[in-house]
Protein chains: 2
Amino acid sequence: MTVNTLHRPTHRDALVHLESAFEDGEMCTVFGRCTVEYDGRATSELGPGDRLVILKPDGSILVHTDEKRTPVNWQPPGCTHSASVRDGRLRIRSTRSNPDERLDVHFERVDQCSVYRVNDRSDLELTGSEEDLRQHILANPSILEAGFEPLETERQSDAGPIDIFGEDADGVPVVVELKRRRVGPSAASQLRRYVDALHREFGDDERVRGVLVAPSVTERATSLLEREGLEFVALDPETGEPPVEDDEGNENDAADENDENDAGEGGEDGESDEKAASDA
Amino acid sequence: MTVNTLHRPTHRDALVHLESAFEDGEMCTVFGRCTVEYDGRATSELGPGDRLVILKPDGSILVHTDEKRTPVNWQPPGCTHSASVRDGRLRIRSTRSNPDERLDVHFERVDQCSVYRVNDRSDLELTGSEEDLRQHILANPSILEAGFEPLETERQSDAGPIDIFGEDADGVPVVVELKRRRVGPSAASQLRRYVDALHREFGDDERVRGVLVAPSVTERATSLLEREGLEFVALDPETGEPPVEDDEGNENDAADENDENDAGEGGEDGESDEKAASDA
DNA sequence: TCTTCCATGTCGAGG
DNA sequence: CCTCGACGTGGAAGA
């Protein structure tokens, strides 16, 4: 049995169900009317309402309402879950130390309590991160600029580690700062700190270039870069190539993407592709 | 009926169930063996495994494994959900534009499909934020330093808005930067940018003090502050008072907290307080 | 452990 | 819309 569900259980039945799930290291969900209290790095209170609580065997707990991607309350992995019945309510408690934190959920009514047997060995494969961008540049430095030669990654400086440190065609030191998405002034400031640090390190008479690499840049950042004598190179972290730009600062490219509507309609099973808007 | 659950439904039954939930703006969950593909700001692939998918009426979708607080895949609010049956699999798709993104979940087996009627009007009340810290200081400026007088919050400068701008007992301008938790060098840099900006604004001969306020500070940040001639004041955002420190950098305070074990045992209902470790 | 920094960050406020 | 900064950020990698 991969799922074991109680419908409108008594608190005591839900309690037994949950405790066996904790014991067996299984994931479970509880839906019903509850209040939530949290105390730890901050403190919060949530009045009565219907929520979905997810308890994971790694010690994490999520309290979800019907809005937002972020849970209204939670606890990260490493906590210890416990359950009890007190004053006619089902209490789910999750605690940890370092920092000392406690999350309490009190259910006055439990509509559903499910336990799931999870079998999942697959790992997520993701591309398009800053690390990918770095690999693109190291594999083919000329995409940054003809004659650029990377010398070191994560090079330490007074201002922190420099993403890529290298030299241009003329042997001038270059600080490269990478961002996987559109950058604002803060990235320019960060780059300036690195360049300043190398200035101090090398001596004021040695020139040091600073290059910010990202798919795009805000106007404010552009002007700050200009003021600071820094440079910008537009590169897409996924492809390692200059991103498609239409006329102006607008980054919305209207590339027509109509895959998935290819053939395929001769399959065995009947097809049904009805939609319903859920973005009220 | 607040919860409507299908146990091991056919894909077609699950499809109908989901579409009526989308139509009615209700939250739902699907558990079963699936694969996930994402393409948008980045690109990802996830091979077959058992996961819990949560679809919210605001357009968000979460794909949870039995580990981590963060979903293995997701889409933020504002997306449009749709479902279909193709090639013998249940496909749940969530799309949005700006940025153009798509998340596909293909179920080869559905163990459970639930629809929840959510009634939740309560708002979360949280204390201990940076805003709380600001209120503490504005209400009682002497906790920062005797004679400190706040003049302006969010004061604009070349380097951005300054949390609190004021004067010390001698009438010297003071820039106050607030952080709700332990700060590193980046906060010190930020403060320096503000102080520099006011220097340029006031003229180089006018002294400007910079004060970083947080519950604690890293060593690297301390040395940076020293180099830059900036100051640090330790304050807890929750209480507005100097945080408890034991001997050294260690921030773990062993305050004994034994509430909840008070009386209360004379209640009507039987008590049951069994625990089970879930932090495997 | 503690520190540092990236993230498909998410979220809210303000222009 | 875009832009900016806080967050109980979470998570991973390095010291």
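A: Let us begin with a term: a salt bridge is a side-chain nitrogen of Lys or Arg within 4 Å of a carboxyl oxygen of Asp or Glu. Please keep in mind that this is a predicted model. In it, Arg51(A) forms a salt bridge with Asp120(B), and the closest N and O atoms are 2.8 Å apart.

Q: How many salt bridges are there between chain A and chain B?
A: The count between the two chains is two salt bridges.

Q: And which strand of chain A gives the most to the side that touches chain B?
A: That is strand β3 of chain A, residues 43–55, with eleven residues.

Q: What about polar contacts, how many residue pairs between chain A and chain B?
A: There are 33 residue pairs in polar contact between chain A and chain B, counting pairs with both residues at pLDDT 80 or more.

Q: How many residues does each chain put into the contact?
A: Chain A contributes 99 residues and chain B contributes 97 residues. The area buried between the chains is about 8300 Å². Carbon and sulfur atoms give 44% of that area.

Q: Back to β3(A). Which strand of chain B does β3(A) pair with?
A: β3(A) pairs with strand β9 of chain B, residues 125–127, in the antiparallel sense over three bridges. Within this pairing, Ser44(A) has Leu126(B) as its bridge partner.

Q: Which strands of chain A pair with β3(A)?
A: Strand β2 of chain A, residues 27–39, pairs with β3(A) in the antiparallel sense over eleven bridges. Phe31(A) has Leu52(A) in β3(A) as its bridge partner. β2(A) and β3(A) form a hairpin with three residues between them. Strand β4 of chain A, residues 61–64, is joined to β3(A) by four bridges, and these two strands also run antiparallel. There, Val53(A) stands opposite Val63(A).

Q: What does the turn between β3(A) and β4(A) look like?
A: The hairpin has five residues between the strands, and Gly59(A) in the turn has a positive phi of about 100°.

Q: New topic: strand β7 of chain A. How many of its residues are buried?
A: Six of the eight residues of β7(A), residues 89–96, are buried, so the strand is largely enclosed by the rest of the structure.

Q: How many bridges join β7(A) to β6(A) and to β8(A)?
A: Seven bridges join β7(A) to strand β6 of chain A, residues 80–86, and the two run antiparallel. Seven bridges also join β7(A) to strand β8 of chain A, residues 101–116, again antiparallel. As examples, Val85(A) has Leu90(A) in β7(A) as its bridge partner, and Arg96(A) has Glu101(A) in β8(A).

Q: Which residues take a positive phi in those two hairpins?
A: In the hairpin of β6(A) and β7(A), with two residues between the strands, Asp87(A) takes a positive phi near 55°. In the hairpin of β7(A) and β8(A), with four residues between the strands, Asn98(A) takes a positive phi near 60°.

Q: Now a helix, please. Which residues of α4(A) are buried?
A: In α4(A), residues 219–228, the buried residues are Ala221(A), Leu224(A) and Leu225(A). They cover an arc of only 100° around the axis, which puts them on the same side of α4(A).

Q: Why do residues three or four places apart point the same way?
A: An α-helix has 3.6 residues a turn, so residues at that spacing point the same way.

Q: What do the buried residues of α4(A) pack against?
A: They pack against α3 (185–202), β13 (209–214) and β14 (231–234) of chain A. On the other side of α4(A), Glu219(A), Glu226(A) and Arg227(A) are exposed.

Q: Last one: where is Gly171(A), and how accessible is Gly171(A)?
A: Gly171(A) is in the loop between β11 (162–167) and β12 (173–178) of chain A. Its relative accessibility is 31%, so Gly171(A) counts as partly exposed; that class lies between under 20% for buried and over 50% for exposed. The C-alpha atoms of Gly171(A) and Phe148(A) are separated by 8.9 Å, and the two residues are 23 residues apart along the chain.

Note on methods
Residues are numbered from 1 along each chain as its sequence is written. Chains are lettered from A and ligands numbered from 1 in the order in which they are written. This is a predicted model: local features need pLDDT of at least 70, side-chain atom pairs count only at pLDDT 80 or more; totals for chains, interfaces and linings use all residues. Side-chain values use heavy atoms; hydrogens and water are left out. Buried means under 20% relative accessible area, exposed over 50%, partly exposed in between (1.4 Å probe, protein chains only). Two strands pair if DSSP finds at least two bridges between them. The arc is that of the directions from the helix axis to the C-beta atoms. Contact means heavy atoms within 4.5 Å. Buried area is the accessible area (1.4 Å probe) that two parts lose on being put together, summed over both. A polar contact is a pair of N or O atoms within 3.5 Å; within protein, one must be able to donate a hydrogen and the other to accept it, and residues adjacent in sequence count only if both atoms are side-chain atoms.
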